[in-house]
Amino acid sequence: MFLVRVLSCVAPVASWVGGTLVFGLIENWIDKTNRSYFADSKTCIVFEGLLSGYFSRSLLEATRFVVVDEIPVPNIPVLKRVMSGGAVGITFKHTYYLAPSVANDPSVHFHELVHVLQWRYLGAKPFIQRYLMETLRHGYRDAPLEVMSYALQKRFEGRGEPFDVESCVHKYLKGLPL
Ligand SMILES: [Zn+2]
């Protein structure tokens, strides 16, 4: 309850960005949420045949997904808006949550796995800060972390040669050409 109250009050204020207390509270909420859904989650190694050319076996083994009727979202207005706008998935660290309508869509799993790599590369608090900043500034679809995920997803959907997604994500985040 305390977390909910703090996030509701603080999130809309521009000066909150940089408040490590808030990002710590969000991370705690995420860890608790992931633990509470663990029994319902499955490992992405089930997609090894489809995605092994794109992601390492260790990443697929370490990542879990949960199909849920209602996607869990921390009480942050910008995220609530994104989810109410029809978003069908969200990634928290090594776990992502999907609506039943997309549970069997390989492109959506691919997209969320790109976010897992972003979380892993940036670290939890920097990812949370950057994602929220970008979404506030640019809107969901034009937030650079989303633009990256959608661009790589499109390349996957093109059904060309498999490519190393992890190295693409690292290059993107370093601002290097692909
Ligand atoms: Zn996304």
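**Layout**

I read the order of elements from the N terminus first: α-α-β-α-α-β-α-β-β-α-α-α-α. That comes to nine helices and four strands. I note here that the model is a predicted one.

I then looked up burial for the protein. Of its 178 residues, 29% are buried. For contacts between residues at least 6 apart in sequence, I found that 60% join residues at least 24 apart.

**Core**

Next I looked up the largest nonpolar core, which has 33 residues. Phe-55, Tyr-96, Leu-113, Val-114, Leu-117, Tyr-131 and Val-165 have the most contacts inside this core. Two or more residues come from each of the helices α2 (20–37), α6 (106–122), α7 (124–138), α8 (144–157) and α9 (165–174), and likewise from the strands β2 (64–67), β3 (89–92) and β4 (95–98). Which element gives the most to this core? I found that α6 does, with six residues. In the background I keep a general point: nonpolar side chains tend to be buried together in soluble globular proteins.

Tyr-96 is in contact with Phe-65, with Gly-89, Ile-90 and Thr-91, and with Glu-112, His-115 and Val-116.

**α6 against α7**

I turned to α6 and its packing on α7. Their axes come within 6 Å and cross at roughly 120°. The crossing is right-handed.

Which residues meet here? On the α6 side I listed Gln-118, Trp-119 and Leu-122, and on the α7 side Ala-124, Pro-126, Phe-127 and Arg-130. By type, the residues of this contact are five nonpolar, one polar and one charged.

**α6 against α9**

The α6 and α9 crossing is right-handed.

From α6, the residues Val-114, Leu-117, Gln-118, Tyr-121 and Leu-122 meet Val-165, Glu-166, Val-169, His-170 and Leu-173 of α9. I sorted the residues of this contact by type and got seven nonpolar, two polar and one charged.

Technical notes
Residues numbered from 1 in each chain as written. Predicted model: local features only at pLDDT ≥ 70, side-chain atom pairs only at ≥ 80, totals over all residues. Core = buried A, V, L, I, M, F, W, Y, C linked by C-beta atoms within 7 Å. Buried ≥ 20, exposed ≤ 12 C-beta atoms within 10 Å, placed from the backbone. Contact = placed C-beta atoms within 7 Å. Axes fitted to C-alpha atoms, helices over the stretch in contact; angles between N-to-C directions. Left-handed = near helix turned anticlockwise from the far one by under 90°. Nonpolar A, V, L, I, M, F, W, Y, C, P; charged D, E, K, R; others polar. Lists of a residue's contacts leave out its neighbours within four places in sequence.
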